[in-house]
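Hi,

Here is the structure I said I'd pass on.

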Amino acid sequence: MVREPRSVFVGRHRELETLQSLLDASSLVTLTGVGGVGKTRLAMRAANQYAEHEGIDCWFVPLESVQDPQRVPSAVVRALPLADQSARDPLEAVVAALRDQPAILVLDNCEQIIDTAASFTDEILLALPQLTVLATSRRPLELDGELVYTVPPLSMEVAPEGPSEAVSLLVTRARAADAAFELGPTEVEAAVKLCRSLDGLPLAIELAATRLRTLSIAELASGLSSRFTLLRGGSRSAVGRQRTLRAVVDWSYELCSPDHRELWCALAVFSGPFDLEAAAAVGGYTIDDIVDPLDELVAQSVVEADRETGRFRMLETIRGYGRDRAEEEGWSTLLTRRHLDHFAAVAASSRVDWYGPGQTAVLARLRADRAELQSALTVATVIDADAALTMFSDLCYHWAVGGFIPEGRGWATRVLALPGGSATHRVPALINAAWLCLLQGDLDEAAARLDEADSQTPGASLSADGAATIRVEIHRWRGTHAMFSGRPRDAVGEFEASIRAAQECGRPEEALLSQFQLTTALSHLRVPEAARAARDALAYAESVHESWMRSHALWSLSLAAFVDSDLDTAERFAREAMTADRGFDDPVGECLMLEVLSWVDAERGMADRAAILLGATDARWRLIGSAITVHGPQLAAHHDRCVDELRRRLGSQRYDKLVAAGGRLAPDEAVAFALEPRSTVAGGLSAREREVAMRIHRGMTNRDIAAELVLSVRTVDTHVQRILGKLGFSSRAQIAAWYEATFVTASPIT
């Protein structure tokens with residue numbers, strides 16, 4: 001479900017009923033209307049209600065911060081839980097993720113990129129007939145089959161149970177600003193007139209409501225009346241309503257103090273949600289000094305505060321107004337540079353602070369700031385090539401670990417093509433670009449990037465520490481290239497050189513990546529004591545409370561143990577690795593860990609469970625557009641031997657069925673299934689619970705199960721919850737996979 005704002009949703013009963021009918025009738029519904037009429041909020045509620053009624057997934061894609069039309073598909077990829085790290089077209093990733101089940105997708109604020117949004121919507125609906133798209137835009141998408149619904153202002157009709165929708169919103173928002181607010185009997189008519197003068201526009205009403213802390217209804221109406229007379233002349237057309245909103249925003253701006261106006265303009269530079277630190281930096285405040293003026297703008301509904309995330313945002317109408325005023329005042333250049341400098345510092349700190357206990361927090365902040373990082377990088381490409389190169393390099397973990405590899409490669413191409421960048425800043429960017437190429441299996445481009453970095457290093461003005469780090473990284477990624485190319489012996493020499501360079505310059509954390517990969521390469525060569533380097537990496541990672549490299553060191557230890565036929569140790573390390581990897585958006589790591597667990601189960605003769613895990617892994621590889629083959633022929637050979645052995649034991653038909661069962665598990669379900677203790681018994685289920693589980697395995701709904709077993713739906717619901725609790729699962733798909741592996745040879749229950 002889409003997470004809606006916490007403020008009370010007021011009215012819109014007729015609109016919601018109409019939208020449910022439209023969504024039943026068409027796969028594309030577009031909400032249009034003037035700014036401030038409430039399209040986004042209505043779309044969220046309508047989509048959630050439709051998804052709940054239909055029992056389908058609902059996804060929300062905010063497009064207001066998308067400045068480059070080519071990034072629309074990527075924005076959709078990020079709204080879905082894909083973590084796609086492939087080089088494929090983002091549209092293909094979306095289609096792959098939504099192919100197997102119906103869903104509703106909300107595309108919000110399409111107007112500024114209307115042509116691209118329309119093209120994307122047309123393509124995705126052609127590819128996914130079961131998908132429903134609910135768009136919001138000031139203009140229709142103008143596609144075949146589109147049903148356009150113009151969102152009206154809030155109703156002025158008095159409801160049987162109370163005031164009109166417009167007056168209800170006025171009172172609700174006034175009470176949010178002042179809990180003691182009450183609309184007296186003599187003020188009702190004045191409130192009705194005020195809301196009518198505001199054309200029933202929700203945003204205009206909300207802005208006006210904040211002034212009721214200090215003004216009466218009559219005073220508020222008086223303060224606005226002259227503006228309406230000048231700007232609108234009584235029109236109730238769309239143009240007239242837009243003028244009404246402009247008048248209210250103008251009035252709100254002019255009632256602000258000069259400092260608050262300047263802060264309004266400063267905050268308008270943000271593309272999406274922002275935190276207190278960013279607001280202070282761009283506004284020219286300290287953290288302590290900005291709290292009061294920011295709180296005042298929140299109280300006036302100029303800024304929205306999300307209490308759960310601690311972040312703030314502006315509605316597009318308010319943001320656009322602030323940008324216009326900043327341009328008029330000559331502040332835009334200064335504010336844009338402050339924004340770039342702040343987020344360049346955020347990127348730099350993410351690299352400096354990476355190795356330690358705060359890694360998940362670093363990634364969480366980078367993900368939350370993604371729209372602003374994109375905006376800052378865009379500005380840097382225009383005004384400062386070296387700043388763009390440096391910022392791209394500093395975001396290396398954001399791209400490679402945070403789940404943004406395709407996006408990172410796109411930025412690599414863009415910043416490396418800029419004229420005027422110095423070798424000092426270009427060399428690190430080339431090295432990080434090579435890493436991203438390797439993660440996607442593009443070995444040719446990776447080699448070309450590393451060769452160029454080598455050739456430009458002599459001309460770079462690097463500090464001793466900087467030059468040493470460059471040596472560490474070039475040897476590391478040349479080693480990775482050799483290993484992924486099937487040359488583990490060459491890889492060993494490069495990894496050892498990288499480790500030595502890291503130790504010589506006093507940067508032991510920079511050795512971690514090469515240490516775990518050295519163990520992997522030595523395992524491929526069947527060298528005794530191959531695990532030593534990964535054990536060193538594990539010990540250091542644990543000493544500094546580092547998690548990401550700890551998980552990969554554990555994985556390489558599991559691989560070494562598997563190669564040595566120590567299955568118990570291999571399983572233990574793989575499970576520990578998977579647990580340590582939680583909290584990172586690291587699908588490649590999870591796939592590698594699932595691979596080893598499936599190989600271990602196959603070796604132990606647990607063919608059913610191994611096939612399910614392999615099916616889950618294959619599905620995840622496909623979802624991210626990658627494969628085990630990207631990581632070299634040696635790992636691919638282990639995978640292929642496992643497949644051949646399982647097909648031999650199970651037969652092709654049974655193998656395919658189990659793999660398909662695993663493929664239906666969502667990524668988090670697959671991890672939970674892999675971490676559950678192996679079971680060959682009924683899992684503590686009662687006979688009735690086994691009957692229910694068997695029917696879930698058949699694909700029956702709770703209502704279907706109730707009808708077949710002559711039970712109430714509520715009773716079946718209770719049985720399902722008990723099954724989930726006993727097995728430690730969270731979904732019906734996991735129950736189905738578990739039943740397939742555990743009871744497939746049992747005689748049918750009748």
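**The largest cavity**

Of the 24 residues that line the largest cavity, Leu 439, Phe 484, Phe 516, His 552 and His 631 lie nearest its centre. Before I go further: this is a predicted model, so local features need pLDDT of at least 70 and side-chain atom pairs count only at pLDDT 80 or more, while totals for chains, interfaces and linings use all residues. Residues are numbered from 1 along each chain as its sequence is written, and side-chain values use heavy atoms, with hydrogens and water left out.

On what I mean by the terms: everything is on a 1 Å grid over the protein atoms alone, where a cavity is a set of points that a 1.4 Å probe fits but cannot get out of, and a pocket is an open set with protein on both sides within 12 Å along at least five of seven lines. Lining residues have an atom within 4 Å of a point. Grid points are joined across faces, edges and corners, and a volume is the space filled by probe spheres set on the points.

The largest cavity holds about 350 Å³ of space. Five helices each supply at least two residues of its lining: H21 (423-439), H23 (464-484), H25 (512-524), H27 (548-563) and H29 (587-603). H25 gives the most, with five residues. (Helices, H or I with at least four residues, and strands, E with at least two, are DSSP runs numbered from the N terminus.) By class, this lining has 16 nonpolar, seven polar and one charged residues. Here Ala, Val, Leu, Ile, Met, Phe, Trp, Tyr, Cys and Pro count as nonpolar, Asp, Glu, Lys and Arg as charged, and the others, Gly among them, as polar.

**The other spaces**

There are two cavities of 30 Å³ or more in the structure. H28 (567-581), H29 and H30 (607-623) each supply at least two of the lining residues. That lining divides into three nonpolar, no polar and four charged residues.

Then there's the second largest pocket, with about 590 Å³ of space. It is lined by 25 residues, and Arg 351, Asp 394, Thr 469, Glu 473 and Arg 507 are the closest to its centre. H15 (332-352), H18 (385-394), H19 (396-400), H21 and H23 are the elements that give two or more residues to the lining of this pocket. The largest share, seven residues, comes from H23. Sorted by class, the pocket lining has 10 nonpolar, seven polar and eight charged residues.

**The sheet**

Now for the strands. There's an open sheet of five, in the order E2-E3-E4-E1-E5, with parallel pairing; two strands pair if DSSP finds at least two bridges between them. E2 and E5 (147-150) stand at the edges with a single partner strand each, so one side of each is left without a neighbour in the sheet. On average, neighbouring strands of this sheet are turned by 15° against each other, direction ignored. (Axes are lines fitted to C-alpha atoms, for helices over the stretch in contact, and angles run from 0 to 180 degrees between N-to-C directions.)

How much of E3 is buried? Six of the six residues of E3 (103-108) are, so this strand is largely enclosed by the rest of the structure. Buried means under 20% relative accessible area, exposed over 50% and partly exposed in between, with a 1.4 Å probe and protein chains only. Both faces of E3 are covered, with Ala 103, Leu 105 and Leu 107 buried on one side and Ile 104, Val 106 and Asp 108 on the other.

E3 pairs with E2 (57-62) in the parallel sense over six bridges, and Pro 62 stands opposite Asp 108. Five bridges join E3 to E4 (131-136), also running parallel. Across that pairing, Ile 104 stands opposite Thr 132, and Leu 107 has Ala 135 as its bridge partner. E3, H5 (114-127) and E4 make a right-handed β-α-β unit; right-handed means that, with the strands pointing away from the viewer, the path from the first strand over the helix to the second runs clockwise.

Most residues other than glycine have a negative phi. Glu 529 has a positive phi of about 60° although it is not a glycine. This residue is found in the loop between H25 and H26 (532-543), and at 47% relative accessibility it counts as partly exposed. Ser 565, in the loop between H27 and H28, has a positive phi too, near 65°. At 58% relative accessibility, Ser 565 counts as exposed.

Cheers
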